[in-house]
Amino acid sequence: MKNSIDLNLYRFIDSLYEQKSLTKVCHTLDISRATFNRYLSECRERFNNELFIADKGLYAPTLFTIQLNNIIKTPLEQLEQVQQTAKSFNNKDANIEYVFHLANPLSNLLTVPLLQGLTRDDWHPKISIVDWSLEGIEFPKSGALSIGISGYPNQINERIIERKLGELALFVYISQQHPLANSSKASLADLERFDTVRVSMGDLDDSTYYERLRKQTGVNLTQKLTVASVSSAIECVEISQYIFVCFDIPTQKLPINVSKLPLTLNEKAMTFEVGLQYHRAYYQHPIIKNIEKLLTQILKQ
């Protein structure tokens, strides 16, 4: 017996076992009489058994075939259901833990919308939102879907896919006692003259971004103070002359003493491009498509 077999032959055996008729099997499998005879001949040769006894136009299974069909029927039924089962990969039946690796400032913006977008009344998946880590995205733990969200583009290896999600307007946050407080906007060049506070970006912390910005704009930024969170940065702004650059924070969530100004470059509003990163193993998975759509909608809003 050969080590491999065309799976169509297993389906042929099961169909003939159930229908016992050449005409019906040819109709069900959409094959010709010649193909029917070839399949039957090949099956008999492979299993070294008559398999079916033809009598008055009907094919009666041998005892060997009855035993054989008991083995192959269940796997065949499972294969028939594969397409339907695959549809569950993008809904609550998929038993997957979501691990989002977010650049810290984006965590402040995306945590609640992600929770709301992925949670239903009858379904509460396991969700972890942690600091951005290339290692965590490149080597996800078993059973987890690891997705990175940070600035775009990044220097990443060929195992990681990166896609642009959108962009966010940038604003300057300052105390109302700051020299720029009476302005209607702040330019990037203004930031060279004042001390700034920034939020730590974890594994993303390096000079690459600022060097790229310097080459693009000619503005050389230095970071005098680094803190752990957006809320800490806002607190520093409130009590000092530091400037904080971040995405849009609703005015009602800001302290009374803190003002928000649009950040501009050459009289145009500045934006921050946001990207999604994930392992190539997840490519075109329905869940990835859904999450990408969800994040794109969040950024637009």
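Let me begin with a term: a residue counts as buried when its relative accessible area is under 20%, as exposed when that area is over 50%, and as partly exposed in between, with a 1.4 Å probe and protein chains only. What we have here is a predicted model, in which local features need pLDDT of at least 70 and side-chain atom pairs count only at pLDDT 80 or more, while totals for chains, interfaces and linings use all residues. Residues are numbered from 1 along each chain as its sequence is written, and side-chain values use heavy atoms, with hydrogens and water left out.

I start with Asn 104, which has 18% relative accessibility and therefore counts as buried. Asn 104 belongs to helix α6, residues 104–118, where helices (H or I, at least four residues) and strands (E, at least two) are DSSP runs numbered from the N terminus. A polar atom of the Asn 104 side chain lies 2.8 Å from the backbone oxygen of Ala 228. If we leave aside neighbours within four places in sequence, the contacts of Asn 104 (heavy atoms within 4.5 Å) are Asp 131, Val 199, Ser 200, Met 201, Ala 228 and Ser 229.

Staying with the helix, α6 has 15 residues and reaches 20 Å from its first C-alpha to its last, close to the 21 Å expected, the expected span being 1.5 Å times one less than the number of residues. At Leu 110, α6 bends by about 50°, and Pro 113 follows within four residues; the bend is the angle between axes fitted to the seven residues ending there and the seven starting there. Buried residues in α6 include Leu 110, Leu 114 and Leu 118.

Now to the aromatic rings. Rings of Phe, Tyr and Trp (its six-membered ring) pair if their centres lie within 6.5 Å, and planes under 30 degrees apart count as stacked, over 60 as edge-to-face and the rest as tilted. A search of the whole structure finds 7 such pairs. In one of them, the ring centres of Tyr 98 and Phe 100 are 6.3 Å apart and the planes are at 5°, so this pair is stacked, and both residues are buried. Phe 247 and Phe 272 make a tilted pair, at 5.3 Å centre to centre and 55° between the planes. Because Phe 247 lies in the loop between β11 (243–246) and β12 (258–265) and Phe 272 in strand β14 (residues 271–279), the pair ties together parts that are 25 residues apart in sequence.

Key: Polar contact = N/O pair within 3.5 Å; in protein donor to acceptor, adjacent residues only side chain to side chain.
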